[in-house]
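This report describes the fold of a single protein and then turns to selected parts of it. The sequence and the structure are shown first.

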Amino acid sequence: MSRTSSAQPDPRDPLRSGLPDRYLTPDDIAQMFGVPLETVYQWRRKRTGPPGFRVGKHVRYDPAEVGAYVAQLKNVDRVAA
């Protein structure tokens with residue numbers, strides 16, 4: 001009996017291949033950065049992570065701003081090296 005394995009996609013793929021054309025949820029951010037969901041909420045409280053905004057009671061992230069945040073992190077890392 002042969003077993004077919006379905007490989008799970010790497011949650012960081014959106015950062016590598018471009019971000020989706022929809023607003024991202026905190027769960028999306030946690031998966032993309034490989035951090036616990038609570039870390040995403042701490043970033044928001046401390047204003048240290050990607051900028052988010054509220055839609056009613058829900059927090060959302062603009063993919064363009066997340067991309068800019070990642071670019072900024074890369075730039076800071078390059079300057080520090």
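The sections below move from the overall fold to one helix pair and then to individual residues.

## Overall fold

The structure is a predicted model. The protein holds four helices and two strands, and their order along the sequence is α-α-α-β-β-α.

Of the 81 residues, 20% count as buried. The accessible surface of the protein amounts to about 6,400 Å², and carbon and sulfur atoms contribute 51% of that surface.

Two packed helices are described by the angle between their axes and the distance between the axes. Helix α2 spans residues 26-33 and helix α3 spans residues 37-46. Their axes come within 8 Å and cross at roughly 110 degrees. Because angles of 65 to 115 degrees count as roughly perpendicular, α2 and α3 are described as roughly perpendicular to each other. On the α2 side, the contact is formed by Pro 26, Asp 27, Ile 29, Ala 30 and Phe 33; on the α3 side, Leu 37, Val 40, Tyr 41 and Trp 43 take part. By class, these residues comprise eight nonpolar, no polar and one charged.

The buried residues of α2 are Pro 26, Asp 28, Ile 29, Ala 30 and Met 32. Of these, Pro 26, Ile 29 and Ala 30 also belong to the contact with α3. Just after α2, Gly 34 adopts a positive phi of about 65 degrees.

Ala 30 is located in helix α2. Its relative accessibility is 7%, so Ala 30 counts as buried. Apart from neighbours within four places in sequence, Ala 30 is in contact with Val 35, Pro 36, Leu 37 and Val 40. The C-alpha atoms of Ala 30 and Val 40 are separated by 6.2 Å, although the two residues are 10 residues apart along the chain.

Asp 28 also lies in helix α2. The cut-off for a buried residue is under 20% relative accessible area; Asp 28, at 15% relative accessibility, therefore counts as buried. When residues up to four places away in sequence are not counted, Asp 28 touches Arg 22 and Tyr 23. With Arg 22, the side chain of Asp 28 makes a polar contact to the side chain at 2.8 Å.

## Tyr 61 in strand β2

Tyr 61 is placed in strand β2, which covers residues 58-61. With a relative accessible area of 1%, Tyr 61 is buried. Leaving aside neighbours within four places in sequence, the contacts of Tyr 61 include Pro 26 and Ile 29, as well as Val 40 and Arg 44. Other contacts of Tyr 61 include Tyr 23, Leu 24 and Thr 25, together with Pro 50, Pro 51, Gly 52, Phe 53 and Val 66.

Tyr 61 and Asp 28 are 33 residues apart along the chain, and their C-alpha atoms are separated by 9.2 Å.

Arg 47 is not a glycine, yet it has a positive phi of about 55 degrees. Arg 47 lies in the loop between α3 and β1, the latter being residues 52-55. At 77% relative accessibility, Arg 47 counts as exposed.

Terms used
Residues numbered from 1 in each chain as written. Predicted model: local features only at pLDDT ≥ 70, side-chain atom pairs only at ≥ 80, totals over all residues. Heavy atoms only, no water. Buried < 20%, exposed > 50% of the residue type's maximum accessible area, 1.4 Å probe, protein only. Areas by Shrake-Rupley, 256 points an atom, 1.4 Å probe, with all protein chains shown as cover. Axes fitted to C-alpha atoms, helices over the stretch in contact; angles between N-to-C directions. Parallel < 35°, antiparallel > 145°, perpendicular 65-115°, else oblique. Contact = heavy atoms within 4.5 Å. Nonpolar A, V, L, I, M, F, W, Y, C, P; charged D, E, K, R; others polar. Polar contact = N/O pair within 3.5 Å; in protein donor to acceptor, adjacent residues only side chain to side chain.
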